[in-house]
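Please look at the sequence and the structure shown below, and keep both in view while reading. The report that follows takes up a few regions in turn.

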Amino acid sequence: MIILSFTACTSGRHEINKEWLGYPVDFKSIQEVVNTYHMFNAEGDKVGSMIFGTFFEDGQLVSRDTSQFDDGSVYEQAEFRFDTTNFKINSTHIDMTLANRRIITNLNMEGQSVKGEAKVITSDTTRTIPIDQNFDYDIVRSELYMLLQTLSIGEGDTLRFSALVPSSLGLAEATLTYDSRDSILTEMGVFDCDIIVLNTDGNMPSNKIWISRESPRQIVNFEVPSASLVIQLVAQRSSIE
């Protein structure tokens with residue numbers, strides 16, 4: 001289940017044959033776009049938004065995420081860099097502001113080694129925590145949202161893996177399972193989707209994820225049952241304008 005390789009077919013880049021979670025990937029499904037998602041609560045009210053942009057830079061797949069709740073309780077900016085040669089995330093930056101503190105985490109990954117620091121800032125103090133640990137993990141959590149649409153998961157398929165969760169520096173045991181096929185209406189139109197279920201041990205949220213079947217595939221909707229949230233694609237633009 002360790003990441004091995006993929007096929008990249010994007011302007012100015014040579015093809016690379018690899019696998020992710022033991023499955024060949026279709027790298028044509030990676031788009032250099034900025035997707036805007038809205039978050040809705042159980043009553044269907046908008047409670048937040050997420051902007052997730054992806055682009056290629058110097059042999060890396062880069063994703064940038066800005067997430068926020070409309071009530072101001074959480075504001076997060078993050079960047080994840082995935083090395084397309086070694087086929088593994090090599091750096092993570094997360095800057096999260098909560099009601100009473102700000103946490104800035106910078107991590108560099110090499111093999112199973114994770115090094116960096118976490119800075120915790122309150123109104124009174126700033127504390128820096130050095131990080132130098134080894135973890136036995138298959139993927140980093142953010143890889144799911146960077147690469148899941150590249151997989152062809154079918155009925156009866158279950159992928160098991162251990163995910164590193166950078167915000168907590170913990171491990172989550174998880175599975176991805178094909179659930180069903182469904183059409184979903186969004187502000188961008190109707191999408192025919194495969195539904196994939198992410199089940200975890202509670203150390204990161206479980207999700208139900210709608211991935212469009214039409215190429216290039218993309219995540220158009222997902223549910224977070226533990227938070228009673230639905231997160232849905234509402235707009236898209238190029239990230240290389």
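With which residue does Asp-192 form a salt bridge, and how far apart are the closest N and O atoms? Asp-192 pairs with Arg-213, and the closest N and O atoms of the two are 3.7 Å apart.

## How to read the model

This is a predicted model, in which local features need pLDDT of at least 70 and side-chain atom pairs count only at pLDDT 80 or more, whereas totals for chains, interfaces and linings use all residues. Residues are numbered from 1 along each chain as its sequence is written, and side-chain values use heavy atoms, with hydrogens and water left out.

A salt bridge is counted where a side-chain nitrogen of Lys or Arg is within 4 Å of a carboxyl oxygen of Asp or Glu. Strands (E, at least two residues) are DSSP runs, numbered from the N terminus.

Asp-192 has a relative accessibility of 28% and so counts as partly exposed, and Arg-213, with a relative accessible area of 35%, is partly exposed. On this scale, buried means under 20% relative accessible area, exposed means over 50%, and partly exposed lies in between (1.4 Å probe, protein chains only). Arg-181, Asp-192, Asp-194, Arg-213 and Arg-217 are linked in a network of salt bridges.

## Phe-191 in strand S14

Phe-191 has its place in strand S14, which covers residues 189–200, and Phe-191 is buried, with a relative accessible area of 14%. Leaving aside neighbours within four places in sequence, Phe-191 is in contact (heavy atoms within 4.5 Å) with residues including Asp-182, Ile-184, Ser-212 and Val-220. The C-alpha atoms of Phe-191 and Asn-221 are separated by 9.8 Å, while the two residues are 30 places apart along the chain.

## Strand S7 and its two partners

Eight of the 10 residues of strand S7 (residues 88–97) are buried, so this strand is largely enclosed by the rest of the structure. Two strands are said to pair if DSSP finds at least two bridges between them. Strand S6 (residues 75–83) runs antiparallel to S7 and is joined to it by nine bridges, while S7 and strand S8 (residues 102–110) pair in the antiparallel sense over seven bridges.

S6 and S7 form a hairpin with four residues between them, and Phe-87 in the turn has a positive phi of about 55°. S7 and S8 form a hairpin with four residues between them.

## Two further salt bridges

The structure holds 10 salt bridges. One of them joins Lys-46 to Asp-70, with the closest N and O atoms 3.0 Å apart. Lys-46 lies in strand S4 (residues 46–57) and Asp-70 in the loop between strand S5 (60–69) and S6, so the pair ties together parts that are 24 residues apart in sequence. Lys-46 counts as partly exposed at 37% relative accessibility, and Asp-70 counts as partly exposed at 46%.

Arg-64 forms a salt bridge with Glu-79, in which the closest N and O atoms are 2.6 Å apart. This pair links distant parts of the chain, with Arg-64 in strand S5 and Glu-79 in strand S6, 15 residues apart. Arg-64 counts as partly exposed, at 41% relative accessibility.
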